[in-house]
Amino acid sequence: MTTMGLVHTPVVPVRTGRATVRRIVGAIPVVIFGLYVVAGVFGPLFVDYSPVGGELDDRLLSPGSVTSDGSTAVFGTDALGRDLFGQVLYGARTSVLIGTLVVLFSGLVGIAVGTAAGYLRGKTDLVASRVIDVLLAFPGILLAIVIAGVFDRSLAIVVIALSVTNWIGFARLSRSMAMTLRERDWVKSATVMGVRRRRIIARHILPFIAGPTLALATVEFAGAILAEAALSFLGLGLPSASVSWGQTIASGKEYLASAWWISAIPGIALAVLVICVGFTGDRLTRHFGRKQ
Amino acid sequence: MLPQLVRRIGLMVFTVWGAVSLTFVILRLAPGDQATVQLGPDATAAEVSALRGELGLDRPIFVQYLDYLGSASTGDFGESYRFHESAMTVILERFPATVVLALTATALALTIGLLLGIMAGRSPGRLADRVISGITLVMQAIPPFWSGIMLILLMALTLRLLPSAGSGDLEHLVLPSVTLAIPFTALVARITRSSVAEVTAEPYILTARSKGLSERAVLARHAVRNSVIPVVTIVSLHIGTLLGGAVIVEQVFAWEGVGSLLVGAVGNRDYAIVQGATVLFAIVVVTMNLLADVLNSRLDPRIRAGAQA
């Protein structure tokens, strides 16, 4: 392999029309994901939406109807006459915000615990592994349901409830990477040269963990969004003044026979986001997989 | 095999202890103890402290913990204040419904997932593979509470074929189990696909083909058998995910299982039920993981040999 590496010339694929089409199609999910983020961040600045209630004359209007103030409700309205498009837009903000916070929080905790466990091994590793075992004994979202349910509803509690199991993926990834990295020559040389442990981790281990972690972060982001929707569907998410897709889906269940769009549209918005995040993650995984 | 098993069971007991303790810690950190929650905001201080004494909440926290641990180990989680009955009795009454739901969903997911996975994995990159990959991707992305509602809309409200909620009959079982099976089917299909694709690239498959075995025989006797092992491992690791999904699906379809009981108990702060149900779920997950390990060593002689060495 090394001798081949010496005469290695990069193979540049010939750009054909088909390859260009593929590149464009491949970029679509990333663009859509970006649109969600932009819509979540800036959308509420342009679209007025009041969660307190709309016009009662506008109750349960089907998608595309004209409301009493003359505007068009693209996605229809709900049982209180509130515009569904506004709800989807504000819901995107909630989802993206909570997903980001959960991934940041659990990513930091996971990387810290995982790197420490993989690099130090011994007791640290044992304790970390047992804690993970215990947390994994709780089925999926159960622990989040219990935590979000018994504490008073707030953003912090939702983020904590979702992070309690979310960090495990990050910890496992960085643990296994730190374990192999510590046996690599550059780490060994640094150790022999007397470089301090903290510096070795910062300079010679963490940079290699970063790429794959970013790829994992997208997967965990999608998971966090789905879990947040599930919590708010059960009525255990953010305080009811804020808008969330799960909450809208739950509220539409009562009116399923007469106004299917209340439940259907936020769910589609959610699924499309999760799919696009998944594709983005696949691309990142392939990218960082090749580099290693 | 035996020392290995003893070690595994030791770990299992430890994990369950951890789960029991963590549940205790969470509920103690929560604002308001069982006495204040149970009596509501109108209760006088005297009433609250009387009930506290009755429930043993006035004792030092460590004594409470040991007492809780002691009774939990005998399956006693105290009395549910809403059902006026032992929490474990209420939970165990509901347990069979959850088991039926989870098993039906698993059976569905395994049958369809394996089938889809084999179809996709035997010809990687071909049309069948791409179509199945696309379908499974979507199946994994849609949340069960939403697909459940959409199934109600389609099958119960529009086509009027099946009941939308409730439990008991076989026809009540169809929609919840299909809903629960959707993401799980996709998971099984994806793992089977990559496993079959990997195995069919092995030299012994080439040998089997070149000695003139029919494609069916190659698949049935050589490829599928060997690709099942990772499927068993991953599926067992996701039993927790399945049960977590069951909690939500039960809520959507008003299925009278432990999941909907737990969600209701969380809402009403019926701590005895919350503790009992959470611990029961943890025990099920840990036990299933152990069983999967044993099953795997049955399926794969290499693991058996490794355990003996």
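Trainee: In which hand does H9(B) pass H10(B) in their crossing?

Mentor: Right-handed: that is how H9(B) passes H10(B). Keep in mind that this is a predicted model.

Trainee: How is a pair of packed helices described?

Mentor: Take helix H9 (residues 203-210) of chain B and helix H10 (residues 215-237) of chain B. Their axes come within 10 Å and cross at roughly 160°. Angles over 145 degrees count as roughly antiparallel, so H9(B) is roughly antiparallel to H10(B).

Trainee: Which residues of H9(B) and H10(B) meet?

Mentor: From H9(B) come B:Tyr204, B:Ile205, B:Ala208 and B:Arg209. From H10(B) come B:Glu215, B:Val218, B:His222, B:Ala223 and B:Asn226. By class, the contact of H9(B) with H10(B) has five nonpolar, two polar and two charged residues.

Trainee: Now chain A. At what angle do H6(A) and H8(A) pack?

Mentor: Find helix H6 (residues 155-181) of chain A and helix H8 (residues 197-233) of chain A. They pack at about 155°, and their axes are 9 Å apart. That angle makes H6(A) roughly antiparallel to H8(A). Their crossing is right-handed.

Trainee: Which residues make the contact between H6(A) and H8(A)?

Mentor: On the H6(A) side, look for A:Val158, A:Leu162, A:Asn166 and A:Gly169, among others. On the H8(A) side, they include A:Ile205, A:Phe208, A:Pro212 and A:Glu220. The classes in the contact of H6(A) with H8(A) are 16 nonpolar, four polar and two charged.

Trainee: Back to chain B. How are H1(B) and H4(B) placed relative to each other?

Mentor: Start with the angle. Helix H1 (residues 2-29) of chain B and helix H4 (residues 61-73) of chain B pack at about 135°, with axes 11 Å apart. H1(B) and H4(B) are therefore oblique to each other. H1(B) passes H4(B) in a right-handed crossing.

Trainee: Which residues of H1(B) and H4(B) make that contact?

Mentor: H1(B) supplies B:Trp17, B:Val20, B:Ser21, B:Thr23, B:Phe24 and B:Arg28. H4(B) supplies B:Ile61, B:Gln64, B:Tyr65, B:Tyr68, B:Leu69 and B:Ala72. Sorted by class, the contact of H1(B) with H4(B) has eight nonpolar, three polar and one charged.

Trainee: Where does UniProt place the feature "transmembrane region" in chain B?

Mentor: An annotation comes from a record. The unreviewed UniProt entry gives residues 9-30, 95-120, 141-161, 173-191, 228-253 and 273-295 of chain B. Residues 9-30 of chain B are 95% helix and 0% strand, and their end C-alpha atoms lie 32 Å apart. Residues 95-120 of chain B are 100% helix and 0% strand, with end C-alpha atoms 36 Å apart.

Trainee: And where does UniProt place "transmembrane region" in chain A?

Mentor: Its unreviewed entry lists residues 24-47, 96-120, 132-151, 157-174, 205-238 and 258-281 of chain A. Over residues 205-238 of chain A, the chain is 85% helix and 0% strand, and the end C-alpha atoms are 37 Å apart. Over residues 258-281 of chain A, the values are 88% helix, 0% strand and 38 Å between the end C-alpha atoms.

Trainee: Which elements of chain B have the lowest and the highest mean pLDDT?

Mentor: Helix H14 (residues 301-308) of chain B has the lowest, 59. Helix H5 (residues 87-121) of chain B has the highest, 91. Chain B averages 85, and 97% of the residues score at least 70.

Trainee: What ipTM and pTM does the predictor give the complex?

Mentor: The predictor gives an ipTM of 0.85 and a pTM of 0.86.

Conventions
Residues are numbered from 1 along each chain as its sequence is written. Chains are lettered from A and ligands numbered from 1 in the order in which they are written. This is a predicted model: local features need pLDDT of at least 70, side-chain atom pairs count only at pLDDT 80 or more; totals for chains, interfaces and linings use all residues. Side-chain values use heavy atoms; hydrogens and water are left out. UniProt positions are given in the numbering used here, feature names are shortened, and annotations may be inferred rather than shown by experiment. Helices (H or I, at least four residues) and strands (E, at least two) are DSSP runs, numbered from the N terminus. Axes are lines fitted to C-alpha atoms, for helices over the stretch in contact, and angles run from 0 to 180 degrees between N-to-C directions. Angles under 35 degrees count as roughly parallel, over 145 as roughly antiparallel, 65 to 115 as roughly perpendicular and the rest as oblique. A crossing is left-handed if the near helix is turned anticlockwise from the far one by less than a right angle, and right-handed if clockwise. Contact means heavy atoms within 4.5 Å. Ala, Val, Leu, Ile, Met, Phe, Trp, Tyr, Cys and Pro count as nonpolar, Asp, Glu, Lys and Arg as charged, and the others, Gly among them, as polar. pLDDT is the predictor's confidence in each residue, from 0 to 100.
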